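Subject: Structure handover

Hello,

Here is the structure I promised to pass on. Please open it before reading further, as my notes follow below.

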Amino acid sequence: MVATETLVIAVDDVATRLCVGVSPQERARPQALVISTALHLAAGAPFEGRDRLSETIDYDSLIGFVKQGLAEQSPALLIETVADRVAAFAFTLDPAVLAVDVRVAKPSVLGAEGLVSVRLHRRRP
């Protein structure tokens, strides 16, 4: 059955610090990253009358993974790898997650000049 409506749960601008970078100097100390995630779910019935956490995704798990779980994994060379890891985790939250959008920004790359980021859109395999 193809979903005709989707519900998007967005968790924006979660700050974390990870060892990530191409050079050994970058990976030697945790750097600031800002991660935003959007979970696309089949909308199902309206929430009126189903107003309980068990009817949706508990996004605290996603925030915990971004803030702590990513740091427990091996250092990454690329922020693209960090985006992959967040997307893979998002699909473990619930089979109702049909797709995920992840944005990983690394403010330290350009400093005050701007912001480098990657955006990943992945559908459930």
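How many helices and strands are there in the chain? There are 3 helices and 4 strands. Starting at the N terminus, their order is β-α-β-α-α-β-β. Please keep in mind that this is a predicted model.

Confidence
The chain has a mean pLDDT of 87. Of its residues, 84% reach 70 or more. Confidence is lowest in helix α1 (residues 24-27), with a mean of 82. It is highest in α3, at 97.

Overall figures
The chain has 125 residues, and 34% of them count as buried. It exposes about 7500 Å². Carbon and sulfur atoms supply 56% of that area. I also looked at contacts with a separation of 6 or more: residues 24 or more positions apart account for 63% of them.

The core
The largest nonpolar core has 28 residues. Ile-35, Leu-39, Val-82, Val-86, Val-102 and Val-104 have the most contacts inside it. The most comes from α3, which gives 7 residues. As background, nonpolar side chains in soluble globular proteins tend to be buried together.

Leaving out residues up to four places away in sequence, Val-82 touches Leu-18, Val-20, Leu-33, Ile-35, Leu-70, Ala-76 and Val-104.

Helix α3
α3 has 15 residues. From first C-alpha to last it reaches 22 Å, close to the 21 Å expected at 1.5 Å a residue. Which residues of α3 are buried? They are Ile-79, Val-82, Ala-83, Val-86, Ala-87, Ala-90 and Phe-91. The buried residues of α3 pack against β1, β2, α2, β3 and β4.

Asp-84 is also found in helix α3. Asp-84 and Arg-122 are 38 residues apart along the chain, and their C-alpha atoms are separated by 8.9 Å.

The aromatic pair
The count comes to 1 aromatic pair. Phe-65 and Phe-89 form it, and the pair is stacked. The centres are 4.2 Å apart, with 0° between the planes. Phe-65 lies in helix α2 (residues 59-69) and Phe-89 in helix α3 (residues 79-93), so the pair ties together parts that are 24 residues apart in sequence. Is Phe-65 buried or exposed? Phe-65 is buried, because its relative accessible area is 10% and the cut-off is under 20%.

Two more residues to check
Asp-13 sits in strand β1. Its phi is near 55°, a positive value in a residue other than glycine.

Pro-95 is in the loop between α3 and β3. Pro-95 counts as exposed, because its relative accessibility is 70% and exposed means over 50%. Pro-95 and Leu-41 are 54 residues apart along the chain, and their C-alpha atoms are separated by 8.9 Å.

Over to you.

Best wishes

Key
Residues numbered from 1 in each chain as written. Predicted model: local features only at pLDDT ≥ 70, side-chain atom pairs only at ≥ 80, totals over all residues. Heavy atoms only, no water. Phe/Tyr/Trp six-rings, centres within 6.5 Å; stacked < 30°, edge-to-face > 60°. Helix = DSSP H or I, 4+ residues; strand = E, 2+ residues; numbered from the N terminus. Buried < 20%, exposed > 50% of the residue type's maximum accessible area, 1.4 Å probe, protein only. pLDDT = per-residue confidence, 0-100. Core = buried A, V, L, I, M, F, W, Y, C linked by side-chain atoms within 4.5 Å. Contact = heavy atoms within 4.5 Å. Areas by Shrake-Rupley, 256 points an atom, 1.4 Å probe, with all protein chains shown as cover. Expected span 1.5 Å × (residues − 1).
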